[in-house]
Amino acid sequence: MQQLIEGYRAFRQERWPAERQRYLDLATNGQKPQTLVITCSDSRSDPATIFNASPGSMFVIRNVAAIVPPYETDETHHGTSAAIAFAVLSLEVRNILVMGHAQCGGVSAALDNSIADGVPFLRAWVDLLDPAVQKLPHGTHDRHTLLEQEAVRLSLAQLMTFPFVAERVNAGRLELNGARFGIADGKLELLDKKSGNFAAL
């Protein structure tokens with residue numbers, strides 16, 4: 001906790017004075033982010049840092065492996081889906097970016113069943129990546145990187161199962177994009193919509 005307190009004090013002394021008016025505007029007028037970022041909970045892959053984002057500029061959903069679940073209408077708990085619905089229907093974001101990253105532990109768990117042993121909820125969650133795992137070519141040595149990329153493609157496809165997302169995409173009111181962040185080299189790979197391949201910026 002002490003580290004958090006020290007970080008807060010640094011924020012108040014250094015960043016708050018420069019951002020004070022922005023926070024006041026956000027408090028008075030509410031948030032109107034243009035982009036929803038769906039990314040991993042991994043502490044090494046922070047979208048606000050990666051994109052040098054200002055307060056209020058991005059609505060962020062973080063979960064294990066940046067997974068978008070399929071659209072479901074049962075009465076159980078759907079935290080990621082609820083956040084997607086809020087971003088699209090209430091905040092009216094214009095862009096959704098699904099961003100995976102290198103060395104993703106959730107992807108590792110999808111490839112190695114033993115990783116989720118003893119961790120409640122994790123196995124059922126990463127099993128959502130099974131369709132992506134099934135697409136991996138046999139005999140490849142780089143299954144982890146390929147699955148990190150394929151997981152982004154799968155999440156983008158799952159977004160289109162949400163009727164309110166598909167409607168806005170088809171009407172040109174919402175754009176979907178994919179990316180993968182390299183922790184070791186800091187490079188960002190963007191998914192090319194035409195080729196379906198990832199290429200570094």
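Residues are numbered from 1 along each chain as its sequence is written. In this predicted model, local features need pLDDT of at least 70 and side-chain atom pairs count only at pLDDT 80 or more, while totals for chains, interfaces and linings use all residues; side-chain values use heavy atoms, with hydrogens and water left out. Helices (H or I, at least four residues) and strands (E, at least two) are DSSP runs, numbered from the N terminus.

Strand 3 spans residues 95-101, and seven of its seven residues are buried, so the strand is largely enclosed by the rest of the structure. Here, buried denotes under 20% relative accessible area, exposed over 50%, and partly exposed in between (1.4 Å probe, protein chains only). Both faces of strand 3 are covered, with N95, L97, M99 and H101 on one side and I96, V98 and G100 on the other.

The bridge partner of N95 in strand 4 is E175, and that of V98 is G178.

Six of the seven residues of strand 4 are buried, so this strand is also largely enclosed by the rest of the structure.

Helix 7 comprises 17 residues (143-159) and reaches 24 Å from its first C-alpha to its last, close to the 24 Å expected at 1.5 Å a residue. The expected span is 1.5 Å times one less than the number of residues. The buried residues of helix 7 include L147, E148, A151, V152 and L159.

A search of the whole structure finds one cavity of 30 Å³ or more. A cavity is a set of points, on a 1 Å grid over the protein atoms alone, where a 1.4 Å probe fits but cannot get out; lining residues have an atom within 4 Å of a point. Grid points are joined across faces, edges and corners, and a volume is the space filled by probe spheres set on the points. The largest cavity holds about 50 Å³ of space. Its lining consists of A65, A66, G100, H101, C104, V107, E148, A151 and V152. Strand 3 and helix 7 are the elements that give two or more residues to this lining, and helix 7 gives the most, with three. Of the lining residues, six are nonpolar, two polar and one charged; Ala, Val, Leu, Ile, Met, Phe, Trp, Tyr, Cys and Pro count as nonpolar, Asp, Glu, Lys and Arg as charged, and the others, Gly among them, as polar.

The structure holds zero disulfides, a disulfide being a pair of cysteine sulfur atoms within 2.5 Å. The sulfur of C104 is 4.1 Å from the closest cysteine sulfur, in C40, which is too far for a bond. C40 is buried, with a relative accessible area of 5%, and C104 is buried at 3%.

Definitions and conventions: Pairing = 2+ DSSP bridges. 1 Å grid on protein atoms, 1.4 Å probe; cavity = no way out; pocket = protein on both sides within 12 Å on 5 of 7 lines; lining within 4 Å.
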